[in-house]
Amino acid sequence: MNIVHRAIAASILGLACGAARADAVSGLLAQYQKQGASNFSAASGQSMWIKPFNDPKTGEPRRCATCHSEDLRRVGKHATTGKAIEPLAPSANKERLTDAEKIEKWLLRNCKWVMARECTPQEKGDFLVMIQSR
């Protein structure tokens with residue numbers, strides 16, 4: 001495949017990922033609004049991202065940034081296993097925020113790990129608009 005064909009293929013793939021991301025996120029945000037959330041805020045999402053929550057078993061502080069880093073464009077590192085976590089920022093990882101089921105799965109798992117509870121629809125929406133903006 002020559003350079004022109006590669007560039008065209010990359011552009012099409014980028015557009016497809018962008019459309020999938022927009023559809024997945026907008027669908028979830030609409031769902032969260034039906035559940036009572038409103039006026040999602042990237043600033044609120046960022047504030048929660050770095051806020052420490054105490055693990056109820058150990059008392060140790062946990063933050064979203066513990067594993068994902070504060071800069072969502074960087075590779076993170078799982079706090080327990082040490083496994084690399086690909087960047088969350090769509091600008092650095094075109095696969096992020098493209099599958100609503102995966103988004104919901106990871107929000108459930110990570111909110112429970114960090115906050116020791118499920119996130120509210122408002123919190124999930126705030127996280128999504130913050131992540132999407134990166």
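Figure 1. H68 is buried, at a relative accessible area of 14%, where buried means under 20%, exposed over 50% and partly exposed in between, with a 1.4 Å probe and protein chains only. The model is predicted: local features need pLDDT of at least 70, side-chain atom pairs count only at pLDDT 80 or more, and totals for chains, interfaces and linings use all residues. Residues are numbered from 1 along each chain as its sequence is written, and side-chain values use heavy atoms, with hydrogens and water left out. H68 belongs to helix α3; helices (H or I, at least four residues) and strands (E, at least two) are DSSP runs numbered from the N terminus. Leaving aside residues up to four places away in sequence, H68 touches W49, R74, G76, I85, L88 and N110, a contact being heavy atoms within 4.5 Å.

**Figure 2. The largest pocket.** This pocket holds about 950 Å³ of space. On a 1 Å grid over the protein atoms alone, a pocket is an open set of points where a 1.4 Å probe fits, with protein on both sides within 12 Å along at least five of seven lines, and lining residues have an atom within 4 Å of a point. Grid points are joined across faces, edges and corners, and the volume is the space filled by probe spheres set on the points. The lining of the largest pocket has 30 residues, with H68, L88, R96, W106 and N110 nearest its centre. At least two lining residues come from each of α3 (64-68), β4 (84-85), α4 (100-115) and α5, and α4 gives the most, with 10 residues. By class, the lining has 17 nonpolar, five polar and eight charged residues; Ala, Val, Leu, Ile, Met, Phe, Trp, Tyr, Cys and Pro count as nonpolar, Asp, Glu, Lys and Arg as charged, and the others, Gly among them, as polar.

**Figure 3. Packing of α2 against α5.** Helix α2 (residues 42-50) and helix α5 (residues 121-132) pack at an angle of about 100 degrees, and their axes are 7 Å apart. That makes α2 roughly perpendicular to α5. Angles of 65 to 115 degrees count as roughly perpendicular, those under 35 as roughly parallel, those over 145 as roughly antiparallel and the rest as oblique. Axes are lines fitted to C-alpha atoms, for helices over the stretch in contact, and angles run from 0 to 180 degrees between N-to-C directions. From α2, the contact uses A42, S44, G45, Q46, M48 and W49; from α5, E123, D126, F127, V129, M130 and I131. Seven nonpolar, three polar and two charged residues make up the contact of α2 with α5.

**Figure 4. Packing of α4 against α5.** The angle between α4 and α5 is about 110 degrees and their axes are 11 Å apart. The two helices, α4 and α5, are therefore roughly perpendicular to each other. I103, E104, L107, C111 and M115 of α4 meet E123, K124, F127 and L128 of α5. The contact of α4 with α5 has six nonpolar, no polar and three charged residues.

Figure 5. F40 lies in the loop between α1 (3-34) and α2. F40 and L29 are 11 residues apart in sequence and 8.4 Å apart in space, C-alpha to C-alpha. S69, in the loop between α3 and β3 (76-77), is not a glycine but has a positive phi of about 75 degrees. S69 counts as buried at 18% relative accessibility. A116, in the loop between α4 and α5, is likewise not a glycine and has a positive phi of about 65 degrees. A116 counts as partly exposed at 41% relative accessibility.
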